[in-house]
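Good morning, and thank you for coming. I would ask you to keep the structure in view while I speak.

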Amino acid sequence: MPWNDNAGPGPWGSPPPGDDKNDGGRKPDPTRRPPGPPGVPPPPIDVAELVDRLTGRLRETFGGPGRGKAIALGAAAVVGLWLVSGVYVVQPNQQGVVTTFGAYSRTSDPGLRYRLPWPIEDVERVPVTSIQTLDVGGVPGAEVPAERLMLTGDENIVDLSFTIQWSVSDAGKFVFNVRAPDAVIKDVAESAMREVVGKTALTPILTNGRGQVESQTRALMQQTLDRYNIGVRIEGVRIQVATTPAPVLDAFRDVQRAAQNAQSAANIARGEAATVIQQAKGYREQVVREAAGDAARFNQVYEQYKLAPGVTRERLYIETMQRVLAKSNKVIIDSKGANAPVILPSDTFRPRVAPAPVDGAAR
């Protein structure tokens with residue numbers, strides 16, 4: 001016997017006719033079609049007859065005394081549960097954005113709140129205290145994307161990557177005014193950084209000017225995002241990598257060495273110029289003081305000359321001859337009582353040169 005033969009007492013088929021030990025005395029289902037003979041297709045369904053049978057079944061179920069009150073109580077319980085479903089909780093780090101039929105209605109603060117049940121009102125909880133991080137330019141060591149190469153104010157190229165930290169300041173604006181916040185913030189960050197770097201020389205970006213670049217970029221980003229009105233606060237901007245691109249690194253180093261050499265040469269020239277100026281100032285002071293001393297000495301001599309002209313003339317003559325003859329070779333001849341000519345050696349008036357030191361003596 002086939003397993004799907006409904007005429008027999010198969011394990012899943014209908015019980016054989018007259019076997020009512022398993023029906024439990026239940027009434028036959030008026031909506032159920034009796035099985036036909038094997039191999040014969042069932043007749044088409046009569047929709048009108050099926051509706052009439054279902055209507056009668058509903059009348060039997062909900063008809064009769066006391067059924068109306070039970071239905072009312074059941075409906076009231078369902079409505080009560082539906083109204084209670086409008087209670088919701090907003091966590092301390094969140095804001096709730098309530099919408100009415102999909103349109104923005106209000107923003108709720110943390111705590112136990114109530115809204116009209118779905119589908120009238122709905123709520124979306126947005127974290128507003130957590131800090132989100134966004135990298136621009138990739139991670140250090142990775143392939144250099146085009147967004148990392150920027151033109152500086154002195155027409156150099158810098159390879160720069162940085163990180164943006166942001167949070168939600170207004171949940172309502174964040175949910176309804178921006179579709180892809182990460183993409184918007186990244187585009188604004190790249191644009192702001194390029195503008196700031198384009199006004200800054202390369203050396204401050206590579207050395208001690210990063211803090212100023214970061215603060216200017218943050219302020220410019222916040223100003224732009226406020227115009228977009230998307231409810232985002234920029235918490236900070238941090239430069240991760242700032243260097244010259246590899247293809248121009250050698251040329252940049254040559255330029256840096258040339259600049260350092262030029263600066264060193266300029267410093268040396270300034271030092272030498274300062275030395276010459278100081279020497280000239282010292283010589284001028286010396287000449288002025290010597291002239292002042294000579295003038296003062298002349299005045300003193302003149303005062304003495306007015307008191308004793310003869311003595312003063314003789315003194316001046318002696319002092320002058322002393323200065324002239326002090327460094328010359330002199331021969332003093334006393335001609336009293338001598339008639340023969342005086343013959344002097346040929347080297348008498350030659351300049352006297354100090355003998356060279358002997359090697360042993362020099363040691």
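**Charged pairs**

Let me begin with Glu190, which counts as buried at 19% relative accessibility. Buried here means under 20% relative accessible area, exposed means over 50%, and partly exposed lies in between (1.4 Å probe, protein chains only). Please note that this is a predicted model: local features need pLDDT of at least 70, side-chain atom pairs count only at pLDDT 80 or more, and totals for chains, interfaces and linings use all residues. Residues are numbered from 1 along each chain as its sequence is written, and side-chain values use heavy atoms, with hydrogens and water left out.

What does Glu190 meet in a salt bridge? Its partner is the side chain of Arg194, at 3.4 Å from N to O. A salt bridge is a side-chain nitrogen of Lys or Arg within 4 Å of a carboxyl oxygen of Asp or Glu. Side chains of opposite charge can pair when their charged atoms come close. Arg194 and Glu190 both belong to helix 4 (residues 181–197), where they are four residues apart, about one turn of the helix. Helices (H or I, at least four residues) and strands (E, at least two) are DSSP runs, numbered from the N terminus. Whereas Glu190 is buried at 19%, Arg194 is partly exposed, with 30% relative accessibility.

By this rule the model holds eight salt bridges. Among them is the one between Lys199 and Glu195, at 3.6 Å from N to O. Lys199 is exposed, with a relative accessible area of 67%, and Glu195 is partly exposed at 39%.

Another salt bridge joins Glu303 to Lys306, with the closest N and O atoms 3.7 Å apart. These two residues lie three apart in helix 7 (residues 249–307), which means that about one helical turn separates Glu303 and Lys306.

**Aromatic pairs**

Rings of Phe, Tyr and Trp (its six-membered ring) pair if their centres lie within 6.5 Å; planes under 30 degrees apart count as stacked, over 60 as edge-to-face and the rest as tilted. How many aromatic pairs does this rule give? The count is two. In one, the ring centres of Phe298 and Tyr302 are 6.5 Å apart and the planes meet at 10 degrees, so this pair is stacked. Phe298 and Tyr302 are four residues apart in helix 7, about one helical turn. Phe298 is exposed at 57% relative accessible area, while Tyr302 is partly exposed at 42%.

The other pair is Trp166 with Phe174: the centres are 6.1 Å apart and the planes stand at 35 degrees, so the pair is tilted. Both Trp166 and Phe174 are buried.

Strand 8 (residues 157–168) has ten of its twelve residues buried. Two strands pair if DSSP finds at least two bridges between them. Strands of a sheet pair through backbone hydrogen bonds, either parallel or antiparallel. Strand 8 pairs with strand 6 (residues 132–136) in the antiparallel sense over five bridges, and there Trp166 is the bridge partner of Gln132. With strand 9 (residues 232–243), strand 8 is again antiparallel, over ten bridges; in strand 9, Ile234 is the partner of Trp166.

Strand 7 (residues 149–151) runs antiparallel to strand 8 and is joined to strand 8 by three bridges. Met150 stands opposite Val158 of strand 8. The two strands make a hairpin with five residues between them, and in that turn Glu155 has a positive phi of about 65 degrees.

Strand 2 (residues 94–100) meets strand 5 over seven antiparallel bridges, with Val126 as the partner of Gln95.

That concludes my presentation, and I thank you for your attention.
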